[in-house]
Amino acid sequence: MNVRKLLKRTAIGLFASFFILVIILIVHIINVTPESIDNPTLQISRIDFESSLDRNTENQIKSQLKSLPAVKSWRINNDTGVLVFFYDNRYLQSQDIVSQIDKNTNLHPKLYKLSDSLAQRKVCPVDQNSFAYHFSKGVQRIFK
């Protein structure tokens with residue numbers, strides 16, 4: 001008789017715990033808001049230089065980038081001769097920045113272009129056929 005009561009209490013406890021965890025999951029899905037993009041016009045581009053960059057040429061490039069108000073930030077890899085920068089595409093295009101650097105320095109920058117096979121790749125890591133994806137989308141549809 002005691003074993004039966006113990007099994008019944010254990011089953012009720014497990015069911016209650018599972019029920020509470022499901023409720024917490026649903027409340028979490030309801031309250032999580034999608035991440036909004038602060039600036040949808042912010043883009044990233046890459047420029048390759050023919051050789052590695054020394055400190056002097058790096059400073060020349062930095063001064064060119066600072067003079068362009070649309071360029072938000074940048075990173076330069078001196079060893080590989082690669083410049084990666086973020087810019088606002090409402091005011092400038094990446095080719096304009098390349099021509100600005102080319103005009104004021106003799107470094108011969110080349111804008112990096114993705115191959116067609118890479119450009120067509122899906123970049124979202126979410127598996128849209130998974131149960132978790134469909135469950136969270138269903139909960140969001142119900143409560144929104």
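Colleague: At what angle do H2 and helix H3 (residues 94–104) pack?
Modeller: The axes of H2 and H3 are 10 Å apart. Axes are lines fitted to C-alpha atoms, for helices over the stretch in contact, and angles run from 0 to 180 degrees between N-to-C directions. Helices are DSSP runs (H or I, at least four residues), numbered from the N terminus. H2 and H3 pack at about 130°.

Colleague: What does that make H2 relative to H3?
Modeller: Angles under 35 degrees count as roughly parallel, over 145 as roughly antiparallel, 65 to 115 as roughly perpendicular and the rest as oblique. The angle here is about 130°, so H2 is to H3 oblique.

Colleague: What kind of model is this?
Modeller: Residues are numbered from 1 along each chain as its sequence is written, and side-chain values use heavy atoms, with hydrogens and water left out. Local features need pLDDT of at least 70, side-chain atom pairs count only at pLDDT 80 or more, totals for chains, interfaces and linings use all residues, and the model is predicted.

Colleague: Which residues in H3 does H2 meet?
Modeller: Contact means heavy atoms within 4.5 Å. H2 contributes Ile61, Gln64 and Leu65. In H3 they meet Ile97, Gln100, Ile101 and Asn104.

Colleague: Is Gln64 buried or exposed?
Modeller: Gln64 is found in helix H2 (residues 55–66). Buried means under 20% relative accessible area, exposed over 50%, partly exposed in between (1.4 Å probe, protein chains only). Gln64 has 13%, so Gln64 is buried.

Colleague: At what angle do H1 and H5 pack?
Modeller: Helix H1 spans residues 2–31 and helix H5 residues 131–143. Their axes are 9 Å apart. H1 and H5 are therefore roughly perpendicular to each other. They pack at about 70°.

Colleague: How many charged residues are in the contact of H1 with H5?
Modeller: Ala, Val, Leu, Ile, Met, Phe, Trp, Tyr, Cys and Pro count as nonpolar, Asp, Glu, Lys and Arg as charged, and the others, Gly among them, as polar. The contact of H1 with H5 has 7 nonpolar and 2 polar residues.

Colleague: Is the pair of Phe15 and Phe19 stacked or edge-to-face?
Modeller: Planes under 30 degrees apart count as stacked, over 60 as edge-to-face and the rest as tilted. The rings of Phe15 and Phe19 have their centres 6.5 Å apart and their planes at 20°, so the pair is stacked.

Colleague: Is Phe15 buried or exposed?
Modeller: Phe15 and Phe19 are 4 residues apart in helix H1, so about one helical turn separates them. Phe19 is partly exposed, at 48% relative accessible area. Phe15 has 57%, so Phe15 is exposed.

Colleague: At what angle are the planes of Phe85 and Tyr87?
Modeller: Their ring centres are 5.5 Å apart, and the pair is tilted. Phe85 is buried, with a relative accessible area of 0%, and Tyr87 is buried at 2%. The planes are at 40°.

Colleague: How many Å apart in space are Val3 and Leu68?
Modeller: Val3 is in helix H1 and exposed, with a relative accessible area of 58%. Val3 and Leu68 are 65 residues apart in sequence. In space, C-alpha to C-alpha, they are apart by 78 Å.

Technical notes: Helix = DSSP H or I, 4+ residues; strand = E, 2+ residues; numbered from the N terminus. Phe/Tyr/Trp six-rings, centres within 6.5 Å; stacked < 30°, edge-to-face > 60°.
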